[in-house]
Amino acid sequence: QVQLVESGGGLVQAGGSLRLSCAASGGTFSTYGMGWFRQAPGKEREFVAAIGASRDSTGYADSVKGRFTISRDNAKNTVSLQMDSLKREDTAVYYCAARRFGRQLYDYWGQGTLVTVSS
């Protein structure tokens, strides 16, 4: 069973930056694809960014492309999301997720960390 714990959320002004981190335990981290998702109040959860097990493939939602950067450190079992040029519409609970090799769906989820962007 993989456990994921997010950290780094908080309150930031529009135009500012935050860095989210997700620490994984209980599995072979280097074999998992990792992703970040978010859920804003009253909205469905949506995809934000993903990174492959080997770090050579990344993907982003159009809404964050060019502003957010996903990265991972397989030696430390962590995945991060650097968020720059934050907008009010980025306000949401951000979730870290992991999927096993060969699977399309994410198998494991963290508890989420709240990011609030003020004007």
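Reader: Hi! What should I know about the numbering and the model before we start?

Author: Residues are numbered from 1 along each chain as its sequence is written, and side-chain values use heavy atoms, with hydrogens and water left out. The model is predicted: local features need pLDDT of at least 70, side-chain atom pairs count only at pLDDT 80 or more, and totals for chains, interfaces and linings use all residues.

Reader: Great. Where is Arg67?

Author: Arg67 sits in the loop between strand E6 (58–60) and strand E7 (68–73). Strands (E, at least two residues) and helices (H or I, at least four) are DSSP runs, numbered from the N terminus.

Reader: Is Arg67 buried or exposed?

Author: Arg67 counts as buried, because its relative accessibility is 11%. Buried means under 20% relative accessible area, exposed over 50%, and partly exposed in between (1.4 Å probe, protein chains only).

Reader: And which residues does Arg67 touch?

Author: Not counting residues up to four places away in sequence, Arg67 touches Gln82, Met83, Asp84, Ser85, Leu86, Lys87 and Asp90. Contact here means heavy atoms within 4.5 Å. The Arg67 side chain also reaches the backbone oxygen of Ser85 at 2.9 Å.

Reader: Nice. How many salt bridges does the structure hold?

Author: The structure holds six. Among them, Asp62 meets Lys65 at 3.2 Å, N to O, and Asp107 meets Arg100 at 3.0 Å, N to O. Asp62 is exposed, because its relative accessible area is 67%. Arg100 counts as partly exposed, because its relative accessibility is 37%.

Reader: Changing topic: what is the strand order in the open sheet?

Author: The four strands have the order E1-E3-E8-E7, with antiparallel pairing. Strand E1 (3–7) and E7 are the edge strands, each pairing on one side only. The twist averages 15 degrees from one strand to the next. For pairing, DSSP has to find at least two bridges between two strands; for angles, axes are lines fitted to C-alpha atoms (for helices over the stretch in contact), and angles run from 0 to 180 degrees between N-to-C directions.

Reader: How many bridges join E1 to E3?

Author: Five bridges join those antiparallel strands, and Leu4 stands opposite Ala24 in E3. Strand E3 (residues 18–25) pairs with strand E8 (residues 78–83) over six bridges, also in the antiparallel sense. There, Leu20 has Leu81 in E8 as its bridge partner.

Reader: Last one: where is Ala14 found?

Author: Ala14 is in the loop between strand E2 (10–13) and E3. Leaving aside neighbours within four places in sequence, Ala14 is in contact with Leu86, Val117, Ser118 and Ser119.

Methods. A polar contact is a pair of N or O atoms within 3.5 Å; within protein, one must be able to donate a hydrogen and the other to accept it, and residues adjacent in sequence count only if both atoms are side-chain atoms. A salt bridge is a side-chain nitrogen of Lys or Arg within 4 Å of a carboxyl oxygen of Asp or Glu.
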